[in-house]
Amino acid sequence: MTKPIAPIANKNSKKIITHDDVRIDNYYWLNDRENSEVINYLEKEKEYYDAMTAHTNVFQESLFHEMKSRIKEDDTSVPYKLNGYWYITRFEKGKEYPIYSRHKENLSAPEEILFDGNEMAKGHDYFNIGGVSISPDNNYAAFGIDTVSRRQYTIKIKNLVTGEVLSDKIENTTGSTVWANDNKTLFYSKKDATTLRADKIYKHIKGNSENDVLVFHEEDETYNTFVYKTKSKKYIVIGSVSTLTTEYRTVNADTPNDEFKVFAERKRGVEYSILHFEDSFYILTNKDGALNFKLMRAKESNTKMDSWEEFVLHRENVLLEDVDIFKDYYVLSERENGLNKIKVIKWNNNQSYYLPFNNETYTADVGNNPDFDTETLRFVYNSMTTPNSVIDFNMKTREKEIKKEQEVLGGAFDKENYVSERLWADARDGVKVPISIVYRKDTKINESTPILQYAYGSYGSTVDPYFSSIRLSLLDRGFAFAITHIRGGEYLGRAWYEDGKLLKKKNTFTDFIDCSKFLIEQKYTSSEHLYAMGGSAGGLLMGAVVNMEPELYNGVIASVPFVDVVTTMLDDTIPLTTGEYDEWGNPNDKTYYDYMKSYSPYDNVRKLNYPNLLITTGLHDSQVQYFEPAKWVAKLRDYKKNNNLLLFDINMDAGHGGASGRFESLKEIAKEYSFLLDLERKIPS
């Protein structure tokens with residue numbers, strides 16, 4: 001049988017000059033998705049991928065059904081109550097998309113179907129419904145639809161009494177809407193058609209699509225804007241957010257035609273978010289150097305920054321992540337030494353306590369709590385060995401009720417068969433980097449143990465240790481799975497993030513590499529059996545580490561990878577670019593240009609023995625444009641010295657999040673797992 005031949009992209013030299021530095025990009029021409037030659041090349045790459053993985057097709061299908069069989073198909077969310085109705089999202093057996101429904105006053109009342117995603121998705125290769133927003137009188141629902149996977153939603157309105165979808169049609173939005181208290185006025189965010197930055201807030205009157213009023217335009221290209229209503233239902237709030245700075249505007253929800261007033265003017269480096277309770281606002285902020293954030297308070301009558309008063313003080317070793325407000329209590333979400341903590345405090349006497357969590361490594365998050373007048377706090381708990389549980393906790397009696405524990409079907413799963421632990425690796429600068437790892441108890445840990453090492457490491461986004469029934473397909477075949485909590489996230493507090501961005505970004509990459517070396521030195525695995533995986537900004541991480549230490553890994557999966565850092569950050573017409581300057585730096589400044597260029601995966605491809613690589617993308621990706629991985633693959637094909645696999649899987653119908661169906665996405669995971677298991681020779685012949 002003839003071995004498939006990898007496609008070779010044509011070279012069309014483009015000279016890019018910045019700060020008198022010349023870069024030659026031979027594959028810049030791949031940026032044009034309207035060019036038939038580009039599509040032809042991408043289709044050849046897809047054909048090559050299909051040919052090279054054809055021998056795993058039967059196994060992929062088996063793996064897909066195995067993963068699907070653990071998931072309850074006719075699943076239902078835990079109901080939550082809002083404004084007299086219980087809302088539920090449920091799935092029906094054999095169907096891909098959710099059904100949104102509600103019951104009036106109690107769950108025994110007749111079900112009202114709000115939206116059936118399965119019916120709405122017919123005729124679309126991709127479908128997503130988002131931003132469902134119910135009017136205060138419960139009679140209308142605004143919702144957003146995306147059928148391209150560019151995260152450009154069209155907003156529509158449905159009459160929930162008659163079932164009629166109104167003629168209102170608002171295109172190129174984020175999909176989210178906010179109702180004023182008059183039940184006819186809606187506010188929404190519009191996107192710039194080119195950059196996809198949410199930059200404008202409009203006011204819409206139900207039934208009139210021709211005369212929407214622009215109420216706010218965020219002209220600073222480094223900011224995005226959004227709109228929401230406070231939990232108290234008194235205020236509609238417009239937020240403007242950049243990486244380092246925030247600003248809010250408010251209007252009374254009873255008088256939506258009034259002008260929005262600035263809550264507190266933006267101040268470079270000051271981040272804040274606001275909640276409303278009685279006659280005061282509560283402000284979660286890093287003001288005055290509160291790196292790990294603190295809670296402040298201001299009266300409605302004066303919200304200027306200099307009037308804010310301390311309410312919960314800043315703590316050096318505790319990150320204050322979030323606050324939720326109820327009639328009689330407020331709840332703090334904290335993180336200390338990497339672990340989640342939930343603290344309940346009574347308004348009238350400041351009595352407080354923490355919810356008890358005893359595991360060495362776990363995830364506990366405050367859940368959906370839209371009801372203000374309740375003693376019940378809903379939170380979510382899981383660990384790498386324990387399925388997800390939704391728990392209602394009575395803040396007065398301290399009694400808890402598990403409302404739902406994720407079912408792992410098939411009868412084979414027993415959490416006692418798995419073990420998780422938290423390890424601490426020494427980074428090269430002396431910092432201790434945590435690793436959360438899980439494996440079967442009967443898996444022998446030694447140099448032959450395959451480990452999939454995962455990380456993200458950007459934007460302060462923390463990947464907590466979490467349970468996955470899908471992951472069992474790796475664990476049950478002898479793999480261990482490790483999450484490395486590297487700098488660039490906030491696992492160990494805000495300073496952990498600050499130490500992995502801008503001119504310290506390389507700490508993210510070296511932390512990952514040093515964790516890999518730790519796992520090898522401690523004989524958890526070896527280079528022959530170590531695998532790495534990351535997506536989006538985590539795909540940048542993958543690109544950087546394979547340039548720095550290519551022979552440390554047997555295989556690497558880079559999903560929708562952000563790899564052409566310098567060129568992308570120089571092009572302010574590309575979606576999201578300008579808003580990223582505070583994360584990566586602005587390459588129009590030579591200092592940042594030089595630093596970015598020193599790690600940008602695409603710019604640093606060299607003649608090396610690269611590991612086996614699986615790289616994925618979606619043609620319609622709005623977050624990381626398809627041409628970044630396409631160019632990277634083309635350049636890698638030209639430079640890599642060995643015969644290791646270089647596979648490029650392109651979904652020609654999807655965007656950043658991949659396939660839209662509930663189970664269709666499992667097929668993509670089956671591809672990734674098959675790539676790993678094939679390299680480990682664990683696929684039946």
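Phenylalanine 293 is buried in this predicted model, because its relative accessible area is 11% and a residue counts as buried under 20%. Phenylalanine 293 sits in the loop between strand 19 and strand 20, the latter covering residues 294-299. Its phi angle is near 70°, which is a positive value in a residue other than glycine.

Asparagine 138 can be described in the same terms. Its phi is also near 70°, again a positive value in a residue that is not glycine. Asparagine 138 belongs to the loop between strand 7 (128-134) and strand 8 (140-146). With a relative accessibility of 11%, asparagine 138 counts as buried.

The next topic is the aromatic rings. A pair of aromatic rings is described by the distance of the centres and the angle of the planes. The structure holds 39 aromatic pairs. One of them joins phenylalanine 263 and phenylalanine 281, with 5.0 Å from centre to centre and 80° between the planes, an edge-to-face arrangement. Phenylalanine 263 is in strand 17 (residues 261-264) and phenylalanine 281 is in strand 19 (residues 280-285); the two are 18 residues apart, and the pair links distant parts of the chain. Both phenylalanine 263 and phenylalanine 281 are buried.

Phenylalanine 413 and phenylalanine 467 form another pair. Their ring centres are 5.4 Å apart and their planes meet at 65°, so this pair is edge-to-face, since planes over 60 degrees apart count as such. Phenylalanine 413 lies in the loop between strand 29 (400-405) and strand 30 (418-426), while phenylalanine 467 lies in the loop between strand 32 (451-454) and helix 4 (472-475), so the pair ties together parts that are 54 residues apart in sequence. Phenylalanine 467 has a relative accessible area of 9% and is therefore buried.

Ring pairs also build a cluster, whose members are Phe226, Tyr228, Tyr235, Tyr248, Phe263, Tyr272, Phe281 and Trp308. The pair of phenylalanine 263 and phenylalanine 281 thus has both its residues in this cluster.

The last topic is helix packing. Two packed helices are described by the angle between their axes and the distance between the axes. Helix 1 (residues 36-52) packs with helix 11 (residues 627-639) at an angle of about 65°, and the axes are 12 Å apart. The two helices are therefore roughly perpendicular to each other. The crossing of helix 1 and helix 11 is left-handed. On the side of helix 1, the residues that meet helix 11 are Tyr41, Leu42, Glu45 and Tyr48; on the side of helix 11 they are Ala630, Val633, Ala634 and Arg637. By class, this contact has six nonpolar and two charged residues, and no polar ones.

Notes:
Residues are numbered from 1 along each chain as its sequence is written. This is a predicted model: local features need pLDDT of at least 70, side-chain atom pairs count only at pLDDT 80 or more; totals for chains, interfaces and linings use all residues. Side-chain values use heavy atoms; hydrogens and water are left out. Axes are lines fitted to C-alpha atoms, for helices over the stretch in contact, and angles run from 0 to 180 degrees between N-to-C directions. Helices (H or I, at least four residues) and strands (E, at least two) are DSSP runs, numbered from the N terminus. Angles under 35 degrees count as roughly parallel, over 145 as roughly antiparallel, 65 to 115 as roughly perpendicular and the rest as oblique. A crossing is left-handed if the near helix is turned anticlockwise from the far one by less than a right angle, and right-handed if clockwise. Contact means heavy atoms within 4.5 Å. Ala, Val, Leu, Ile, Met, Phe, Trp, Tyr, Cys and Pro count as nonpolar, Asp, Glu, Lys and Arg as charged, and the others, Gly among them, as polar. Rings of Phe, Tyr and Trp (its six-membered ring) pair if their centres lie within 6.5 Å; planes under 30 degrees apart count as stacked, over 60 as edge-to-face and the rest as tilted. Buried means under 20% relative accessible area, exposed over 50%, partly exposed in between (1.4 Å probe, protein chains only).
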